[in-house]
Amino acid sequence: MTKIALITGATSGIGEATAYEFAKHGIDLILCGRRLERLQTIQKALERLTDVHILNFDVRDKKATKDAIESLPENFKKIDILINNAGNAHGLDPIDCGSLDDWDAMMDINVKGLLYVSKAIIPQMTERNSGHIINIGSSAGKEVYPKGNVYCASKHAVLAITEGMRIDLNPYGIKVGAINPGLVETEFSQVRFKGDAIANSVYKGFKALQAKDIAEIIYFVVSRPPHVNIADLLVFPTAQANSVTVKKEF
Ligand code: NDP
Ligand code: 8X3
């Protein structure tokens, strides 16, 4: 039977690439994000491969999140796979200089937004005793790097929530896991540095991971047999050894 996946943050980067990868394999899609035009463009591109429904909401808004998921038409209501991917870093500042608005954004989107989306979807998974939740964490969820403070905290929280979900949803046979990438060349740094030119230098001098690399791994994870749950994956580009050790060649 055709599976249905809901992907948050599907308008760019890892989420968009995952939508393309899943569509290629015939998984029906619910694509979420704030930029409606992008959702419509991706929907148009993928509809020839699979059924696609779009949901336009901000994961920071708990009512909008709940309403959007409740609004799903009957043929999209049964969500088999949830990819909690929406998120970003905002700023890269020492803790004494960080902006409260940046901190709010990271905690509200990366942590609370992930919880709001999960809260709206988990009951139908527990009711059916099946489902698969993948949270996109980060290498920043496994180690803290200079000036990463709150972003790293938000991704450490994603890992703690993932482990908690796996324990609490274990009686229902629901798979829960995290995929934790290192440096992936997406719009991530444009958002982190608010469009500043410094964003263009982040992926220079080495071959960073591409969104498609992570999308292929996500598809591998969701396509394992029912008794196999990949609980936690750390993925670096070959040039990266940890958050601060990157072999660059200019
Ligand atoms: P992008 O900036 O390309 O994508 C981020 C996605 O999140 C967009 O689709 C954006 O959609 C969505 N999003 C952001 N804020 C909100 C919001 N408030 N409500 C709803 N959707 C939102 O970055 P990536 O693809 O790189 O990031 C995806 C995930 O991967 C994030 O969780 C990030 O932390 C994680 N990650 C990224 C790494 C990297 O190096 N790039 C490495 C490790 C982890 P829209 O703006 O349309 O709402
Ligand atoms: C994104 C990777 O190293 O920029 O989570 O924090 S990093």
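The expected span of a helix is taken as 1.5 Å times one less than its number of residues. In this predicted model, α1 has 12 residues and should therefore span 16 Å, which agrees with the 17 Å between its end C-alpha atoms. Helix α1 is mostly covered, with 10 of its 12 residues buried. Among the buried residues of α1 are Gly13, Ile14, Gly15 and Glu16, as well as Phe22 and Ala23. Just after α1, Gly26 adopts a positive phi of about 75°.

Ligand 1 is surrounded by 30 residues, and the closest are Gly9, Gly13, Arg34, Gly87 and Phe188. By class, this shell contains 12 nonpolar, 13 polar and 5 charged residues. At least two shell residues come from each of α1 (13–24), α4 (100–128) and α6 (188–192). The largest share, 3 residues, is supplied by α1.

On the α4 side, the contact is formed by Trp103, Met106, Met107, Asn110, Val111, Leu114 and Leu115. These residues meet Val150, Tyr151, Ser154, Lys155, Ala157, Val158 and Ile161 of α5. The residues of this contact comprise 11 nonpolar, 2 polar and 1 charged.

Notes. Residues are numbered from 1 along each chain as its sequence is written. Chains are lettered from A and ligands numbered from 1 in the order in which they are written. This is a predicted model: local features need pLDDT of at least 70, side-chain atom pairs count only at pLDDT 80 or more; totals for chains, interfaces and linings use all residues. A residue is near a molecule or strand if its C-beta atom, placed from the backbone, lies within 6 Å of it. Helices (H or I, at least four residues) and strands (E, at least two) are DSSP runs, numbered from the N terminus. Ala, Val, Leu, Ile, Met, Phe, Trp, Tyr, Cys and Pro count as nonpolar, Asp, Glu, Lys and Arg as charged, and the others, Gly among them, as polar. Two residues are in contact if their C-beta atoms, placed from the backbone, lie within 7 Å. A residue is buried if 20 or more other C-beta atoms lie within 10 Å of its own, exposed if 12 or fewer, and partly exposed in between; C-beta atoms are placed from the backbone.
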